Amino acid sequence: MFRVADRLLLTGHSHQAWPDVAVEGQLEAFEVAARDVDEKWAHALAKADEVRAGFRRFLGGDTAEIALGANTHELVVRFLSALDLSARPTLITTDGEFHTLRRQLARLAEAGVEVVRVPAEPVDTLAERLAAEVDDRTAAVLVSSVLFGNSRIVPGLATVADACDHRGAELLVDAYHALGVVPFSLDGIERAWVVGGGYKYLQLGEGNCFLRLPEHASALRPVITGWYAEFDTLDAAADPSRVAYGAGATRFAGSTYDPTSHYRAARVFRFHEEHGLTAEFLREVSTHQKDVLARRFDEHDLPADVVTRDRVTPLDGFGGFLALRSPIAGSLRARLTERGVLTDSRGEYLRFGPAPYLADRQLSDAVDALAEIVSNLH
């Protein structure tokens, strides 16, 4: 339905096409609601558990509790609201985070929270530099496993986890740009919170995000809390002097939501299993496609002052897209769109995001279109 064979959809790092089976999930959500009306929620909650199981497979088979949300922002806000910022007033992050963290932390800084922003570059030393900032005033470190702007994989996060454990701080890892293109391991960061979603590489569509909870999450009481967080305790006698929380992931739940996205996600996760689309296989596909893009780009030998790429970092040091640096990245993106090549840009980076449904010929055609545009600039 997305006509992937007829279009050059290089937005795989943002909005991937959905498998056609996704519509089966959406129709099932409607059919269950029409049949069961307000009794649909037992069925919907079972679908939510299927979605959790799907995310766990891409978290390396992790068995930790998982809270679901429509987007990562609502989950991050609940996490932040559970921190004791009066006792530990410092949050540490990087200047290369996605807008969810960038904007919210910037606003908290305006309101008086101490936010330390560590330069993301050079990426190879980022973990050590983050760890060096952690002290007894640190409430949490918030960092991506793959940077959304330039696709660099951040190595050594276990170093940050060790520093946080030593000082009693929390570590939140944004894995959104890893899941589905970079196998994710919790080795060395078992006590970390992990946030992510399926809008990008997992082809789940909107409304499917998660927060992985470490074991000690059961001791925290988020201030931003919806009534689903006490869903398991509604039949118990209420204590008006203290807000109650349910067990496990329920503690970080929100309120009434549209379950349609979970039906869609559960069906797509099943599609992954039916076709052997494991994290390891998808990494192989992604690595091959980035190599096709990079080799074709290099063959054109375009002027570096117009557009270039990082040739120092090996391709396996990147996530799921090829980041091309250009002072006119936005203009190049717009011209590519006019030619039917859909990409996107972030600041000085033009981002080519392949996806498993694209053929090598399509990838080469997209780079050829860029080369022609650049040639016509001179």
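1. Is strand S2 mostly covered or mostly open? Mostly covered: four of its five residues are buried, where buried means under 20% relative accessible area, exposed means over 50%, and partly exposed is in between (1.4 Å probe, protein chains only). Strands here are DSSP runs of E with at least two residues, helices are runs of H or I with at least four, and both are numbered from the N terminus.

2. A quick word on what you're looking at. This is a predicted model, where local features need pLDDT of at least 70 and side-chain atom pairs count only at pLDDT 80 or more, while totals for chains, interfaces and linings use all residues. Residues are numbered from 1 along each chain as its sequence is written, and side-chain values use heavy atoms, with hydrogens and water left out.

3. Back to S2 and its partner. S2 and S8 run antiparallel and are joined by five bridges; two strands count as paired if DSSP finds at least two bridges between them. One of these links has Gly 69 bridged to Cys 209 in S8. Cys 209 itself is buried, with a relative accessible area of 4%. As background, strands of a sheet pair through backbone hydrogen bonds, either parallel or antiparallel.

4. Now find helix H2, residues 41–58. H2 has 18 residues and reaches 26 Å from its first C-alpha to its last, close to the 26 Å expected. That expected span is 1.5 Å times one less than the number of residues. Among its buried residues are Trp 41, Ala 44, Ala 48, Val 51, Phe 55 and Phe 58. Looking down the axis of H2, the buried residues fall within an arc of 160°, so they line one face of the helix; the arc is taken from the directions from the helix axis to the C-beta atoms. Why would spacing matter here? An α-helix has 3.6 residues a turn, so residues three or four places apart point the same way.

5. What do the buried residues of H2 pack against? Their partners include helix H1 (22–36), strand S2 (65–69), strand S8 (209–213) and helix H8 (279–300). Contact here means heavy atoms within 4.5 Å. Just after H2 comes Gly 60, with a positive phi of about 75°.

6. Phe 58 lies in helix H2 and counts as buried, at 5% relative accessibility. Leaving out residues up to four places away in sequence, Phe 58 touches Phe 184, Leu 202, Phe 269, His 272 and Leu 282, among others. The C-alpha atoms of Phe 58 and Ser 144 are 86 residues apart along the chain and separated by 16 Å.

7. Next, the largest nonpolar core, which has 57 residues. A nonpolar core is a set of buried Ala, Val, Leu, Ile, Met, Phe, Trp, Tyr and Cys residues joined through side-chain atoms within 4.5 Å. Phe 55, Val 141, Leu 171, Phe 184 and Ile 189 touch the most other members. Elements giving two or more residues to this core include H2, S2, strand S5 (138–144) and helix H6 (157–167). Beyond its neighbours within four places in sequence, Val 141 is in contact with residues including Ile 92, Leu 130, Val 160, Cys 164 and Leu 171.

8. Leu 157, Val 160, Ala 161, Ala 163 and Cys 164 are buried in H6. They cover an arc of only 160° around the axis, which puts them on the same side of H6. The buried residues of H6 pack against H5, S5 and S6. Cys 164 has a relative accessible area of 1%. After H6 comes Gly 168, with a positive phi near 80°.

9. How many disulfides are there? The count comes to zero, with a disulfide being a pair of cysteine sulfur atoms within 2.5 Å.

10. Finally, some backbone details in the loops. The peptide bond from Glu 121 to Pro 122 is cis, with omega near -5°, and Pro 122 sits in the loop between strand S4 (114–118) and H5. Val 37 has a positive phi near 50°; Val 37 is in the loop between H1 and H2 and is exposed at 55% relative accessible area. Gln 203 has a positive phi near 65°, but Gln 203 is buried, with a relative accessible area of 8%.
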